[in-house]
Structures are given as structure tokens and as C-alpha cells.
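Let's take a walk through a protein model, one piece at a time. Have the picture open while you read.

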Amino acid sequence: PLPIVTLAEDSGISSIDAILVDNHAAGVQVAKHMLECGSKSHAYITLDDYVESDLRLQGFRSYLERKQLPLPEENIGIVSATDEAVRARQVKQFIHNLLDQACEASEQLPIGIFCVHDLLAADVMRIVKHYSSKRKRKLLIPADVMIVGFDDLPISSQLSIPMTTISYQYSASMQKPDSIAMNGSTYFLQNPGHIPGRYEVQSLLVIRESTRKRNYPG
């Protein structure tokens with residue numbers, strides 16, 4: 001059989017090597033950054049087909065708990081991974097409930113919202129802006145609401161308020177002659193008894209305006 005090395009996804013097939021981002025460490029990075037920016041409460045949004053194995057959530061929650069700031073179950077939004085229309089309604093309802101609660105207890109602000117990927121985070125940013133336009137109290141990003149995504153997609157830097165996100169360099173794991181992917185492939189060919197591994201690359205927190213200590217007019 002030909003050697004196969006997957007990127008970003010663990011196929012679960014015993015004969016395939018996988019290179020993954022250290023999701024748990026990324027969650028810790030985000031929680032630490034939010035606290036350094038002054039967040040008082042926190043929320044997380046993930047997908048229903050991913051939540052059981054979501055190491056980003058586990059890392060995020062573990063660091064908060066270490067700082068004696070538990071992440072309540074009601075502050076974890078679980079939305080549809082397959083139905084876009086349903087997901088949009090679920091995200092909107094979750095954010096509205098979250099912000100209603102935070103506005104009633106002002107000591108919860110600023111609130112830090114971490115999303116499992118950038119597209120969800122972009123939706124959250126839009127909903128927060130619309131929520132503020134319909135309320136007497138205007139919530140500012142990032143003064144009142146901090147938002148962090150994951151994947152560093154092009155959209156994250158193109159939003160009206162550029163978004164803090166997690167980046168990772170899978171390309172470095174593939175392109176160098178001594179890369180993880182190359183070593184895994186050649187070792188597989190040279191050793192019939194090769195036991196496939198799970199290799200992790202470190203994440204990078206890309207800090208942009210959605211979490212910086214800065215007020216935005218209007």
C-alpha cells in the first residue's frame with residue numbers, strides 16, 4: 001500500500017499517519033489571551049458532530065477552571081454542523097440569550113466568545129452588531145464583547161473589525177525535506193511494520209482588533 005498522511009483530520013484508519021494541530025493547547029492560548037485582555041465571563045460555540053471530541057473546548061475550559069472561572073454549560077452553544085439555516089437560527093438565539101444575560105449583570109462584561117472556526121465567529125460578530133443596534137445599550141467589540149475564531153481564513157482579516165484567530169502552519173509539515181509528512185511517508189515505505197502516528201503542530205494566536213483593548217465608535 002502507498003503511504004498516506006492526512007492533514008488536519010484524523011481518519012481513524014489504523015494504517016494512516018495524521019498531522020494535527022494541538023487543539024487543546026490552542027484552547028488554552030485563547031483563554032489566556034482573553035483573560036489578559038480583561039474578559040470577565042466566557043462562552044464557546046461548537047458543532048454538534050464535533051463537541052464530544054472537541055479538544056479546543058477542553059483546553060479553553062481547563063485554563064478558565066484553573067483560574068477559578070468555570071465555563072457554565074449554558075455558555076456552551078452547540079449548533080448544527082449540517083443544516084446552514086438551522087445553524088444560523090441557533091447561533092442567533094444563543095448569542096441573544098448570552099448578551100441579554102450579560103447586560104443584566106454588567107459584571108459579566110466584557111465577555112469573551114471563542115468559536116470553533118472563523119465562519120461561525122464571523123456570524124457571531126454580525127449578530128453582536130445587529131443586537132447592539134436594537135438595544136438601548138450598545139455593546140462594542142472588543143470593549144464589551146471579545147470574539148476569537150479558528151483557522152485564520154482570509155475572512156478573519158477582512159471583516160470590518162479584523163478578528164483574532166488561531167493559525168497553524170501545516171505547510172511547514174509537508175514542504176521541507178525533513179518534514180513530518182515526508183518522514184512519515186518514507187518510514188512507512190522502509191518499514192513494513194510501521195505503526196502510524198499522530199503528530200501535532202503548534203498553533204499561533206493571531207491577535208487582531210476583535211480582542212484588543214480598544215473602543216470602536218458608532
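Let's start with a pair of facing residues: Ser41 sits opposite Ile111 in S5. Strand S3 (residues 41-47) and strand S5 (residues 111-115) run parallel and are joined by 5 bridges. S5 also runs parallel to S6, this time with 4 bridges, and there Ile111 faces Val145 in S6. Two strands count as a pair if DSSP finds at least two bridges between them. In general, strands of a sheet pair through backbone hydrogen bonds, either parallel or antiparallel.

A quick word on where this comes from: it's a predicted model, where local features need pLDDT of at least 70 and side-chain atom pairs count only at pLDDT 80 or more, while totals for chains, interfaces and linings use all residues. Residues are numbered from 1 along each chain as its sequence is written, and side-chain values use heavy atoms, with hydrogens and water left out. Helices (H or I, at least four residues) and strands (E, at least two) are DSSP runs, numbered from the N terminus.

## The whole sheet

Zoom out, and you get an open sheet of 4 strands in the order S4-S3-S5-S6, with parallel pairing. S4 and S6 are at the edges with a single partner strand each, so one side of each has no neighbour in the sheet. On average, neighbouring strands here are turned by 15° against each other, direction ignored (axes are lines fitted to C-alpha atoms, for helices over the stretch in contact, and angles run from 0 to 180 degrees between N-to-C directions).

Is S5 buried or exposed? Of its 5 residues, 5 are buried, so S5 is largely enclosed by the rest of the structure. (Buried means under 20% relative accessible area, exposed over 50%, partly exposed in between, with a 1.4 Å probe and protein chains only.) Ile111, Ile113 and Cys115 point one way from S5, while Gly112 and Phe114 point the other way.

## Two salt bridges

How many salt bridges does the structure hold? There are 2, where a salt bridge is a side-chain nitrogen of Lys or Arg within 4 Å of a carboxyl oxygen of Asp or Glu. One links the side chains of Glu73 and Arg61 (2.6 Å, N to O). Glu73 lies in the loop between helix H2 (55-66) and strand S4 (76-79), and Arg61 is in helix H2, so this pair ties together parts 12 residues apart in sequence. Glu73 counts as exposed, at 55% relative accessibility.

Asp152 and Arg208 also meet through their side chains in a salt bridge (3.0 Å, N to O). Asp152 belongs to the loop between strand S6 (145-148) and helix H5 (155-158), and Arg208 to the segment after strand S9 (203-206), so the two tie together parts 56 residues apart in sequence. Asp152 is partly exposed, with a relative accessible area of 26%, whereas Arg208 is buried at 15%.
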